[in-house]
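Please read the points below alongside the model, which is a predicted one. They begin with a salt-bridge residue and then turn to helix packing.

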Amino acid sequence: MDTKQILSELESLRNSGTKVPGFRGKVMVESDKLAQLALAIESGMPADIEEAQAIIMQRDSIISQANLEAKRVKEEAENAAKILGVHVRENLGFADGFFVNDNYSQSANYIKKAINIEPNQASAHSDYGVVLQKLNKFEDAIKSYNKAIKINPNYAEAYNNLGNA
């Protein structure tokens, strides 16, 4: 017997009971019928409890799997960030080498690659402005310095470079 059936039987038992005068709504019921319902409740409980425990275990398993997946994704993201950081540093290193040898267009290409990998690096935008300035692209250099300042309003070198443009 399921819970709804048991509750319906209890309601029926109460309604069919004999009211006891002077006891404010108390009723006499068939004790055999009441014992039968109590037994049904008792036998149904372990199944309900087992089902609830199974649901809880399933939930815990799902949470555990989600935590493992989140950890894996986080590690992948951290590794990707490290790799991107290496690429940014490599491109800026190449750019610096070309800049020192007065090959400003190649230097600009490598700085632009670094900016494409990490667009929120103020120093790269400022360096790009310096190279653009060397290429006599003053308006573009000013835009690049302003971008560096927008990313990092405390970046003094960008203000200095902007003043020189």
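1. K74 has a relative accessibility of 53% and therefore counts as exposed, since the cut-off for that class is over 50%. Its salt-bridge partner is E78, with the closest N and O atoms 3.9 Å apart, and E78 is partly exposed at a relative accessible area of 39%. Both residues belong to helix 2, where they are four residues apart, or about one turn of the helix.

2. Helix 2 also holds R72 and E69, three residues apart, whose side chains form a salt bridge with an N to O distance of 2.4 Å. R72 is partly exposed at 36% relative accessible area, as is E69 at 40%. These two residues join E76 in a network of salt bridges.

3. Across the whole structure the search finds five salt bridges. One of them pairs K33 with E9 at 3.1 Å, N to O, and this pair links distant parts of the chain, with K33 in helix 2 and E9 in helix 1 (residues 3-16), 24 residues apart.

4. On the packing of helix 2 (residues 31-100) with helix 3 (residues 104-117), the axes come within 7 Å and cross at roughly 165°, which means that helix 2 is roughly antiparallel to helix 3. The crossing of helix 2 past helix 3 is left-handed.

5. The contact between these helices includes L84, V88, F94 and F98 from helix 2, and among the residues of helix 3 that they meet as a group are Y104, Y110, I111 and I117.

Key
Residues are numbered from 1 along each chain as its sequence is written. This is a predicted model: local features need pLDDT of at least 70, side-chain atom pairs count only at pLDDT 80 or more; totals for chains, interfaces and linings use all residues. Side-chain values use heavy atoms; hydrogens and water are left out. Axes are lines fitted to C-alpha atoms, for helices over the stretch in contact, and angles run from 0 to 180 degrees between N-to-C directions. Helices (H or I, at least four residues) and strands (E, at least two) are DSSP runs, numbered from the N terminus. Angles under 35 degrees count as roughly parallel, over 145 as roughly antiparallel, 65 to 115 as roughly perpendicular and the rest as oblique. A crossing is left-handed if the near helix is turned anticlockwise from the far one by less than a right angle, and right-handed if clockwise. Contact means heavy atoms within 4.5 Å. A salt bridge is a side-chain nitrogen of Lys or Arg within 4 Å of a carboxyl oxygen of Asp or Glu. Buried means under 20% relative accessible area, exposed over 50%, partly exposed in between (1.4 Å probe, protein chains only).
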